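Subject: The model we talked about

Hi,

Here is the structure, with the sequence alongside. Have a look at it first, then read my notes below.

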Amino acid sequence: MARETNAPLIVLGIETSCDETAAALVRRDASGRGEILSNVIRTQLDLHAAYGGVVPEIAARAHIDLLDAAIRQAFADANLDFDAVDGVAAAAGPGLIGGLIVGVTTAKSIALGLGKPFVAVNHLEAHALSAGLTDGLGFPFLLLLVSGGHTQLLIVKGVGSFERLGTTLDDALGEAFDKAAKMLGLGYPGGPEVETHAKHGSANIKLPRPMKGRPEPHFSLAGLKTALRHAVKALEPLSDQDVADLCASFQEAVADVVSDRTTRAMEIYTERLEPGAQRALVVAGGVAANQRLRAALEQVAGENGFSLVAPPPELCTDNAAMIAWAGAERLARGLTDDLGAPARARWPLDPDAPPALGAGVKA
Ligand code: KG4
Ligand code: ZN
């Protein structure tokens, strides 16, 4: 463990948990404000598109091919030498284990070579802390984390301190968007495709709102997916207008459910915390790029006296700036890891959260 420090820090961040190979340099100043010095992303979308989803083995091999150049580019863009960094951070989980091992091993090697500390970053914590980088947001806050692999509502009390209020019993929200897109013959990743097509449609197809009104702010998206499949069958062959209407109806159902579940979480947050506690709702993860969802959250946040903090879309989807920033936040608190720290396919933010009834393997 390193010592706590108030000194300015520059951290290299590496992200390889899924299908983006990314490297970034971030500076954290003495007052705790962050600045992105460079932010390189090499997407592997083309390699996986033909399969309609990420193929883990292809992803791991592509990370090996792409990562060194991405790191060199990050230093070149920031106009810095390797020895300018105070620490090296990598997403160590959760995610696809092959890719994680590539990123973690690379980060450890650089840290060892430079004699600088290594930080094993939880990818979900990095999404969670992004609002500190983009908006200087302090703790605590309520977090809606919506990505391809995760759908959770959490109280974020501090770095490494989370209380999970809600999770998904089945599919993640981004996964639901991806599967909806596939059903409608649209490309991968599905979220942006559904959003684009929804702009030309009207939400006139009746779809269910699973879990709406339940006291625990959990989610379930499998039923919505099945209902969409039935609606597709009933309309086939689909015209362009049908596709647009189905996208709009699906997106509207999602916005409605997310608004309801988040409202419930805001109530719980307000009950649990001190009366004067900051009332901020942060939305993070790839699905947070969705403009319709942001508008719906803006509305319910306002109704409940919360401010909505949403990082810009390019910092909502996977990136290495958030890994570098989470690394800098940990490094500043003396939270570093030894070179034996493993890559972890599963790594829940709140390991003590009671399992949600019917929950699958996604923590
Ligand atoms: O956080 P992320 O980049 O990767 C994971 O850690 O999963 O999230 C990717 C997910 C994908 O499922 C993608 O379809 C979804 O985020 N996504 C969107 C939008 N942009 C990305 N979903 C809905 N609307 C969008 N505009
Ligand atoms: Zn992510």
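What follows is what I found, starting with the ground rules and then going from the whole chain to single residues.

This is a predicted model, so local features need pLDDT of at least 70 and side-chain atom pairs count only at pLDDT 80 or more, while totals for chains, interfaces and linings use all residues. Residues are numbered from 1 along each chain as its sequence is written, chains are lettered from A and ligands numbered from 1 in the order in which they are written, and side-chain values use heavy atoms, with hydrogens and water left out.

**The whole chain**

The chain has 11 helices and 10 strands (DSSP runs numbered from the N terminus: helices are H or I with at least four residues, strands are E with at least two). A compact globule of 363 residues would have a radius of gyration near 21 Å, and the 20 Å of this chain agrees with that (taken over C-alpha atoms; the rule is 2.2 Å times the number of residues to the power 0.38). Of the 363 residues, 54% are buried (buried is under 20% relative accessible area, exposed over 50%, partly exposed in between, with a 1.4 Å probe and protein chains only). Among contacts between residues at least 6 apart in sequence, 74% join residues at least 24 apart (contact means heavy atoms within 4.5 Å).

**The zinc site**

Which residues coordinate the zinc ion (ligand 2)? They are H123 (NE2), H127 (NE2) and D318 (OD), at 2.1 to 2.2 Å. Donors here are N, O and S atoms within 2.8 Å of the metal (3.2 Å for Na, K and Ca), and water is not among the atoms, so sites may look incomplete. The spacing of the donor residues in sequence is H-x3-H-x190-D. H123 and H127 are separated by about one helical turn because they sit 4 residues apart in helix α4 (residues 123-135). An α-helix has 3.6 residues a turn, so residues three or four places apart point the same way. H123 counts as buried at 6% relative accessibility, and so does H127 at 1%.

Helix α5 (residues 173-183) is mostly covered, with 8 of its 11 residues buried; F177 is one of them. The cover includes β6 (141-146), β7 (151-158), α6, α7 and α8 (240-272). Q251 belongs to α8 and is buried, with a relative accessible area of 8%. Beyond its neighbours within four places in sequence, Q251 has contacts that include F177, E195 and R292.

**The loop between α6 and α7**

S220 lies between α6 (190-198) and α7 (222-235) and is buried at 13% relative accessibility. Its C-alpha atom is 6.9 Å from that of D171, although the two are 49 residues apart along the chain. Leaving aside neighbours within four places in sequence, S220 is in contact with T168, D170, P210 and M211. M211 is in the loop between α6 and α7 too, and is buried at 12% relative accessibility.

Most residues other than glycine have a negative phi, and most peptide bonds are trans. M211 has a positive phi of about 75 degrees, and N79 has one of about 60 degrees. N79 is exposed, at 70% relative accessible area. Cis peptide bonds join G93 to P94, with omega about -10 degrees, and F139 to P140, with omega about -5 degrees.

Cheers
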